[in-house]
Amino acid sequence: MEIVHEPSRMRELCDHARREGARVGIVPTMGALHAGHLALVDEARRRGATKVVVTIFVNPLQFGPNEDFGRYPRTLPEDAVLCEARGVDWIFAPARESMYPDGFSSQVRVSGVTEVLEGVFRPGHFDGVTTVVAKLFGIVGQSVAIFGRKDYQQWCVLRRMVRDLDLPIEMHGMPTVREVDGLALSSRNRYLSESERARALAISRGLRAACEAFERGERDAATLTSIARAPIEASFDAIDYVALADADSLAPITLVEDRAVIAVAARIGKTRLIDNVVLSEDRIPLPA
Ligand code: AMP
């Protein structure tokens with residue numbers, strides 16, 4: 001496995017591999033890798049990638065001024081060990097200056113689907129995400145890209161971007177990988193103390209309860225969201241949103257008639273967690 005820092009070298013490796021008949025898979029991340037990220041690597045292989053690049057870049061553009069850019073975990077040596085063991089071919093870990101050299105002044109912006117949910121609480125966040133991912137796609141070139149549906153809105157936004165801009169990228173989304181007790185794996189879970197981690201389980205409890213109500217036939221959005229919200233309200237310090245939305249457009253809905261997602265963002269202390277379930281598709285099993 002090679003750790004690549006320079007965009008030009010990364011492009012060269014991918015171009016060369018494709019000329020030799022390889023299918024390139026890309027898994028964009030900010031590092032601090034966990035089993036959720038590694039599942040994306042496996043999925044890239046299942047989707048036929050013969051060369052897999054994991055990109056690791058804590059992208060300053062997607063953090064707001066009062067967010068956790070400074071303290072976001074940076075664990076490249078540990079990440080490299082995990083990637084190598086998983087059969088990753090290349091890690092692309094560019095320096096900030098090679099992604100955003102002096103004079104950098106372009107932006108990729110998707111409208112509509114970025115303006116709800118996270119878009120309300122993290123202004124500019126998705127512009128940072130789409131800009132960096134467009135750059136990564138530009139560097140790596142034609143490829144199969146794997147994203148987690150843990151960041152459900154991000155997945156919707158990036159799919160929109162790829163379609164709108166005719167990028168030569170085959171997009172695949174992966175279900176959320178959870179701990180056995182239901183907590184969605186997240187690099188930000190390492191901010192949680194033991195007691196905060198126990199409180200954080202309220203999100204998966206709330207989402208599970210909403211799924212169960214849906215399975216019993218409940219279709220009213222206000223009822224489903226209040227079922228999801230109750231345990232979260234009891235355990236978290238603040239809730240940004242618990243919302244039911246159309247699973248494709250992310251437009252708010254009042255009655256579930258089609259594919260719908262319940263998305264949550266809430267804070268414990270300084271830690272902000274997000275999670276979601278697509279009703280009728282996702283399951284959060286009860287801990288054994
Ligand atoms: P990040 O953790 O922000 O670096 O995310 C990198 C990629 O990993 C994104 O596509 C995320 O959606 C995905 N990801 C993060 N956590 C999980 C998880 N628990 N299950 C599946 N995918 C995940």
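Me: Phe147, buried or exposed?
Reply: Phe147 is buried at 4% relative accessibility, where buried means under 20% relative accessible area, exposed over 50% and partly exposed in between, with a 1.4 Å probe and protein chains only. This is a predicted model, in which local features need pLDDT of at least 70, side-chain atom pairs count only at pLDDT 80 or more, and totals for chains, interfaces and linings use all residues. Residues are numbered from 1 along each chain as its sequence is written, and side-chain values use heavy atoms, with hydrogens and water left out.

Me: How many aromatic pairs are there in the whole structure?
Reply: The search finds six. Rings of Phe, Tyr and Trp (its six-membered ring) pair if their centres lie within 6.5 Å; planes under 30 degrees apart count as stacked, over 60 as edge-to-face and the rest as tilted.

Me: What is the geometry of Phe63 and Tyr72?
Reply: Their ring centres are 5.9 Å apart and the planes are at 75°, so this pair is edge-to-face. Phe63 is buried at 10% relative accessibility, and Tyr72 is buried at 7%.
Phe137 and Phe147 also form an edge-to-face pair, with 6.3 Å centre to centre and 75° between the planes.

Me: Where do Phe137 and Phe147 sit in the chain?
Reply: Phe137 is in helix α6 and Phe147 is in strand β5 (residues 143-148), 10 residues apart. Helices (H or I, at least four residues) and strands (E, at least two) are DSSP runs, numbered from the N terminus. Phe137 is buried, at 4% relative accessible area.

Me: Which residues make up the ring cluster?
Reply: Phe57, Tyr100 and Phe104, linked by ring pairs.

Me: Switching to helices. What is the angle between α1 and α6?
Reply: About 50°, with the axes of α1 (residues 7-19) and α6 (residues 125-140) 7 Å apart. Axes are lines fitted to C-alpha atoms, for helices over the stretch in contact, and angles run from 0 to 180 degrees between N-to-C directions. The two helices are therefore oblique to each other; under 35 degrees counts as roughly parallel, over 145 as roughly antiparallel, 65 to 115 as roughly perpendicular and the rest as oblique.

Me: Which residues of α1 and α6 meet?
Reply: Pro7, Met10, Arg11, Cys14 and Arg18 in α1 meet Gly138, Ile139 and Val140 in α6, contact being heavy atoms within 4.5 Å.
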